Amino acid sequence: MKLLWYLLGALGLGLTIIPAIMVFNGSLSSSENKNYMTIGMIVWFVAATKLIKR
């Protein structure tokens, strides 16, 4: 179960970093970037909270 939270945390961090790079390259719009980064932030906070509690 702990591995699942680590993977979700990595996915959340990826969703906050990769879209920013894609906007810089011009392959993603600003509104899509905001959506992906919001989802990534929520996923990361949930995963990090679960890992801290264990």
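Trainee: Which residues in α2 does α1 meet?
Mentor: The model is predicted: local features need pLDDT of at least 70, side-chain atom pairs count only at pLDDT 80 or more, and totals for chains, interfaces and linings use all residues. Residues are numbered from 1 along each chain as its sequence is written, and side-chain values use heavy atoms, with hydrogens and water left out. Contact means heavy atoms within 4.5 Å. From α1, K2, W5, Y6, L8, G9, G12, L13, L15, T16, P19, A20 and V23 meet these in α2: N33, Y36, M37, I39, G40, M41, V43, W44, V46, A47, K50 and L51.

Trainee: By class, how many residues in that contact are nonpolar?
Mentor: Ala, Val, Leu, Ile, Met, Phe, Trp, Tyr, Cys and Pro count as nonpolar; Asp, Glu, Lys and Arg as charged; the others, Gly among them, as polar. The contact of α1 with α2 has two charged and five polar residues. The nonpolar ones number 17.

Trainee: How many helices does the chain have?
Mentor: Helices are DSSP runs of H or I with at least four residues, and strands are E runs of at least two, numbered from the N terminus. The chain has zero strands. Its helices number two.

Trainee: Are α1 and α2 roughly parallel or antiparallel to each other?
Mentor: Axes are lines fitted to C-alpha atoms, for helices over the stretch in contact, and angles run from 0 to 180 degrees between N-to-C directions. The axes of α1 (residues 2–25) and α2 (residues 30–53) come within 8 Å and cross at roughly 155 degrees. Angles under 35 degrees count as roughly parallel, over 145 as roughly antiparallel, 65 to 115 as roughly perpendicular and the rest as oblique. So α1 and α2 are roughly antiparallel.

Trainee: Is the crossing of α1 and α2 left-handed or right-handed?
Mentor: A crossing is left-handed if the near helix is turned anticlockwise from the far one by less than a right angle, and right-handed if clockwise. For α1 and α2 the crossing is left-handed.

Trainee: How far apart are the end C-alpha atoms of α2?
Mentor: The expected span of a helix is 1.5 Å times one less than its number of residues. With 24 residues, α2 should span 34 Å. The distance between its end C-alpha atoms agrees, at 35 Å.

Trainee: Which residues of α2 are buried?
Mentor: Buried means under 20% relative accessible area, exposed over 50%, partly exposed in between (1.4 Å probe, protein chains only). The buried residues of α2 pack against α1. They are N33, G40 and A47.

Trainee: Which residues does N33 touch?
Mentor: N33 lies in helix α2. It is buried, with a relative accessible area of 12%. Not counting residues up to four places away in sequence, N33 touches P19, A20, V23 and L28.

Trainee: Which residues of α1 are buried?
Mentor: What covers the buried residues of α1 includes α2. They are W5, G9, G12 and P19.

Trainee: Which residues does L15 touch?
Mentor: L15 is found in helix α1. At 23% relative accessibility, L15 counts as partly exposed. Leaving out residues up to four places away in sequence, L15 touches Y36, M37, I39 and G40.
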